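Here's a quick briefing to read alongside the model. Have a look at the fold first, then work through the points by topic.

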Amino acid sequence: MASHVRNIALLGATGTLGSPILQALTEAGYSVTVIQRKDSTKAVPAGVRSVKVDLHNKDDLVSAFRGQDAVVSAVPDPVLETERIMIDAAIAASVKRIIPSEFSTNIDSPLSRKLPIVVDKVEIRQYLISATSNTSTTWTSINNGPFFDVCLRLGGLGPSLGDKKATFHNGGDNLVGTSRLSDIATAVVKILDPAHFEETTNQPVYIYSAAITERYLTRLVSTITGIDFGTVEDGKIVDLDVDTLARDAAEKLEIGDKSAMFGFYFQMMYAKGYGGIDFKSLSWNDRLGIATMTEKDIEDLIKDIAKELGIL
């Protein structure tokens with residue numbers, strides 16, 4: 001029988017991903033309680049209930065989670081130390097569903113699971129599975145592609161509207177399943193809907209918004225905005241090898257320098273064997289009713305961001 005979810009506790013609600021999740025949940029009619037750190041000064045939208053707690057205190061969290069049907073975490077850079085407390089508190093409060101702050105491309109691939117950028121998320125997933133076994137609390141994680149909205153502004157998928165430059169990785173012809181923030185938020189709503197609650201129980205759910213290559217997106221952005229990104233041949237577009245980026249990142253990490261950590265993410269996205277190219281075969285889009293973007297949808301997103309940045 002489908003479980004009814006009405007009340008949701010949301011952590012990380014004022015962040016890059018948490019904000020659209022909060023908007024999607026409230027628009028879908030859920031009663032959302034935003035859980036914030038005691039010292040947080042970030043405002044939540046009018047009409048949304050906010051509770052400030054010590055996130056390291058299980059009793060505080062149990063009290064905040066009482067009466068909640070689901071706990072959704074969208075905290076950036078989650079670590080097991082704090083997420084364990086959240087998970088234990090949710091179970092103690094008899095929460096029906098936990099959606100952890102995973103939101104990564106693919107942590108089920110054996111190679112990806114070893115990457116420093118997802119080690120913490122792997123540990124959290126493993127603890128979540130163990131802790132919820134033989135309890136009434138269930139879990140679902142969401143795996144998505146790189147944030148489309150963010151990458152269009154800052155780069156990572158070819159063009160960067162922010163600095164009007166383009167960068168390719170491993171030739172620029174690799175197909176990537178990228179995800180809009182709004183579609184990730186929609187996935188959260190869908191998972192908690194009675195129509196999908198049972199089928200998404202205790203497993204990862206994969207979604208994507210558009211299948212693109214860096215070369216395709218660079219051409220499209222150039223056509224729409226008039227930006228001349230140049231070519232690899234003329235030296236204006238740099239074509240980077242992701243294995244080299246990962247080696248450089250690993251060498252720096254050995255001496256405590258985390259400045260190149262994003263190099264590991266490019267390896268997950270573009271290198272063979274890491275699962276980034278498997279997004280179509282893993283996708284839940286059809287089952288959840290999440291439509292993939294048409295070229296016009298992609299064009300409209302590019303135009304919206306270009307207008308925000310004063311390019312159009």
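**Helix pairs, sheet and cores**

Helices H2 and H3 are oblique to each other, as their axes cross at roughly 45 degrees (under 35 degrees would be roughly parallel, over 145 roughly antiparallel, 65 to 115 roughly perpendicular, and the rest is oblique). Keep in mind that this is a predicted model, where local features need pLDDT of at least 70, side-chain atom pairs count only at pLDDT 80 or more, and totals for chains, interfaces and linings use all residues. Residues are numbered from 1 along each chain as its sequence is written, and side-chain values use heavy atoms, with hydrogens and water left out.

**Helix pairs**

- H2 covers residues 58-65 and H3 residues 80-92, and their axes come within 8 Å. Helices (H or I, at least four residues) and strands (E, at least two) are DSSP runs numbered from the N terminus; axes are lines fitted to C-alpha atoms, for helices over the stretch in contact, with angles from 0 to 180 degrees between N-to-C directions.
- On the H2 side, Lys 58, Leu 61, Val 62 and Phe 65 do the touching, and they meet Ile 85, Met 86, Asp 88, Ala 89, Ala 90 and Ala 92 in H3 (contact means heavy atoms within 4.5 Å).
- H8 and H13 have axes that come within 10 Å and cross at roughly 60 degrees, so this pair is oblique too.
- H8 also passes H13 in a right-handed crossing. H8 brings Tyr 216, Leu 217, Leu 220, Val 221, Ile 224 and Thr 225 to the contact, while H13 brings Glu 295, Ile 298, Glu 299, Ile 302, Lys 303 and Ala 306.

**The sheet**

- Seven strands make an open sheet in the order S3-S2-S1-S4-S5-S6-S10, with parallel pairing (strands pair if DSSP finds at least two bridges between them).
- Strand S3 (49-53) and strand S10 (203-206) are the edges, each pairing on one side only. From one strand to the next, the twist averages 25 degrees.
- S1 (residues 7-11) and S2 (residues 31-37) run parallel and are joined by five bridges; Leu 10 sits opposite Val 34 in S2.
- Helix H4 (residues 119-132) lies across S5 (97-99), S6 (138-143) and S10, at about 160 degrees to S6.

**Nonpolar cores**

- The largest nonpolar core has 38 residues, and Phe 148, Leu 152, Leu 157, Leu 217, Ile 298 and Ile 302 have the most contacts inside it. Such a core is a set of buried Ala, Val, Leu, Ile, Met, Phe, Trp, Tyr and Cys residues joined through side-chain atoms within 4.5 Å.
- Helix H10 (262-270) is among the elements giving two or more residues to this core, and H10 gives the most, with six.
- Ile 302 touches Leu 152, Leu 161, Leu 217, Leu 220, Val 221, Ile 224 and Thr 225, not counting residues up to four places away in sequence.
- Another core, of 33 residues, lies apart from the largest one; Ala 24, Val 48, Trp 284 and Ile 290 are among its members.

- In H1 (residues 18-27), the buried residues are Gly 18, Pro 20, Ile 21, Leu 22, Ala 24 and Leu 25 (buried means under 20% relative accessible area, exposed over 50%, partly exposed in between, with a 1.4 Å probe and protein chains only).
- Those buried H1 residues pack against S1, S2, strand S4 (70-73) and helix H6 (181-192).
- His 4, in the segment before S1, counts as exposed at 54% relative accessibility.

Terms used. A crossing is left-handed if the near helix is turned anticlockwise from the far one by less than a right angle, and right-handed if clockwise.
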